[in-house]
Amino acid sequence: MKTTEIKPGIFWVGAIDWAVRDFHGYVTPKGTTYNNYLIMDDRVTLVDTVKHDFTHVTLENIKTLTDPSKITDLVINHIEPDHASGIDKIMSLAPDALIHITGKGKKGLDRHFDTSQWKFRIVKTGDTLNTGKFNLLFIETPMLHWPDSMMTYVKEAKLLISQDAFGQHIATSSRFDDEFVECASQAELEDSVVDYYANILMPFGELIKAKITEIQKLGIDIDMIAPDHGVIWRKGPGGIIRKYLDLANGKSSLSVAVIYDTMWHSTELMTIPIMQGIKDEGVDCNVIKLRATPMSAAIKEFWKSRGCLIGSPTLNNILFPTVAEFLTHLRGLRPKNRMIGAFGSYGWGGGAVREAYEEFKRMKLEIFEPGSQVLYKPSHEDNIACYDFGRNFARKIKEYHAKFM
Ligand code: FEO
């Protein structure tokens, strides 16, 4: 058995998690990988560990190259448990290894492990490690996406090990982007990138743009980006950087996501003429029922479209719980550059649509008012009003979208 050499002397030694479907609440229908990398040189350097349950897998991969006790240096780019929870096992086998980590990373590790016997070197942007023929450069990336986060650039290999950034949650036997595209498709890969960005990195668009500019100013030459999840970008490192800039700038398609839930189908019935009105205005429309869709998939659909209409019945004078949950989750992701409106059915007092608009205002999104409401069940006249509501929203979306072109 041998593991993948991604650059001469640098090996992927990670693990593939084919089975994970719930990644701290983020639904991962395609599983994921925990990537880490071993640099075989005068000094033997492991960059990141893996999720604790998979430590035996990374150790088997390492053993195809060297005895784990020979590891002299351990770089911890990010302390979230999917990458750092295997560290105690690694350190038990290589107790003299020097751990290179940011100050905030060290503080986090101290809360998770007894680190008193471990040797640390606190690093910041610009600090380096010479392993023999390789020079590693550390680049802090605070809040991308945790305070401790950093990346490691291997100068002689033109390799950026980017931790979570540029990742995707895909379990695959393909280690590289071009391999994956050959056996699956470019569209599937791009969809996974958007899904990952929308659910993990959406709040950090401005930081991402600033960090990419900072890295470009460092003048480093990158011909491969190796993230800690999914495939390694060897064919298109420039492409994934451009894609991230597009995502950070809020680029989207001219389309509308109608995201709703329903009690006795009245709100659901409203989606039919609303969708038709949007479509007849020449704008694509995707209709997503929340109780039938994982939350993270609904978030991705929201982010892919320039506009969103939220549909909710009124329950006890407030939003339907699944819709409230979705909006709370969305607010935490701090979306920008999207237009949003609401519709829904009610029996007597109403309240869901009003609450939805209060939530939109907290999110500071571009708001389309007034919302559309139906008493009990849509009548023929209500269907016409819903159609007009969808059509008017689509007209506004076309105007709004043009500002981003
Ligand atoms: Fe893949 Fe932030 O952990």
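# Briefing on burial, contacts and salt bridges

T322 is buried, its relative accessible area being 19%, which is under the 20% cut-off for that class. This residue belongs to helix 11, which covers residues 321-332, and touches D261, L290 and R291 when residues up to four places away in sequence are not counted. The structure is a predicted model.

**The R291 and D261 pair**

- Two of the residues that T322 touches, D261 and R291, have side chains that meet in a salt bridge, with an N to O distance of 2.6 Å.

**Other salt bridges**

- Over the whole structure, a search finds 26 salt bridges.
- K209 and E206 are joined by a salt bridge between their side chains, at 3.2 Å from N to O.
- These two residues are three apart in helix 7, and therefore about one helical turn separates K209 from E206.
- In an α-helix there are 3.6 residues a turn, so residues three or four places apart point the same way.
- E206 counts as partly exposed, with 45% relative accessibility.
- The side chains of D127 and K124 form a further salt bridge, at 3.9 Å from N to O; the cut-off for this class is 4 Å.
- D127 counts as buried, at 19% relative accessibility.

**K211 in helix 7**

- Helix 7 spans residues 205-217 and contains K211.
- With a relative accessibility of 11%, K211 counts as buried.
- Leaving aside residues up to four places away in sequence, K211 is in contact with E140, T141 and L144.

**Helix 9 and its cover**

- Helix 9 runs over residues 266-280, and its 15 residues should span 21 Å at 1.5 Å a residue; the end C-alpha atoms are 22 Å apart, which agrees with that expectation.
- Buried positions in this helix are S266, T267, E268, M270, T271, P273, I274, G277 and I278.
- The cover over these buried residues includes strand 17 (253-260), strand 18 (284-289), strand 19 (305-311), strand 22 (339-346), strand 24 and helix 13 (380-402).
- After helix 9 comes G282, which has a positive phi, near 85°.

**F302 in helix 10**

- F302 is placed in helix 10, which comprises residues 295-304, and counts as buried at 1% relative accessibility.
- Apart from residues up to four places away in sequence, F302 touches A257, I259, C308, F326, L330, P335, R338, I340 and L365.
- F302 and V258 are 44 residues apart along the chain, and their C-alpha atoms are separated by 8.5 Å.

**Cysteines**

- There are zero disulfides in the structure.
- C308, one of the residues that F302 touches, is in no disulfide: the nearest cysteine sulfur belongs to C285 and is 9.9 Å away, against a disulfide cut-off of 2.5 Å.
- C308 is buried, with 1% relative accessible area, whereas C183 is exposed, with 58%.

**A nonpolar surface patch**

- W348, L375 and Y376 make up a nonpolar patch on the surface, and their accessible area together is about 430 Å².
- L375 is located in strand 24, residues 372-375, and strand 24 is also among the elements that cover the buried residues of helix 9.
- L375 itself is partly exposed, at 44% relative accessible area, and residues in such patches need over 30%.

Key: Residues are numbered from 1 along each chain as its sequence is written. This is a predicted model: local features need pLDDT of at least 70, side-chain atom pairs count only at pLDDT 80 or more; totals for chains, interfaces and linings use all residues. Side-chain values use heavy atoms; hydrogens and water are left out. Patches are made of residues with over 30% relative accessible area and no salt bridge: like charges are joined within 9 Å, nonpolar side chains (Val, Leu, Ile, Met, Phe, Trp, Tyr) within 5 Å. Accessible areas come from the Shrake-Rupley method with a 1.4 Å probe; for residues, only the protein chains shown count as cover. Helices (H or I, at least four residues) and strands (E, at least two) are DSSP runs, numbered from the N terminus. Buried means under 20% relative accessible area, exposed over 50%, partly exposed in between (1.4 Å probe, protein chains only). The expected span of a helix is 1.5 Å times one less than its number of residues. Contact means heavy atoms within 4.5 Å.
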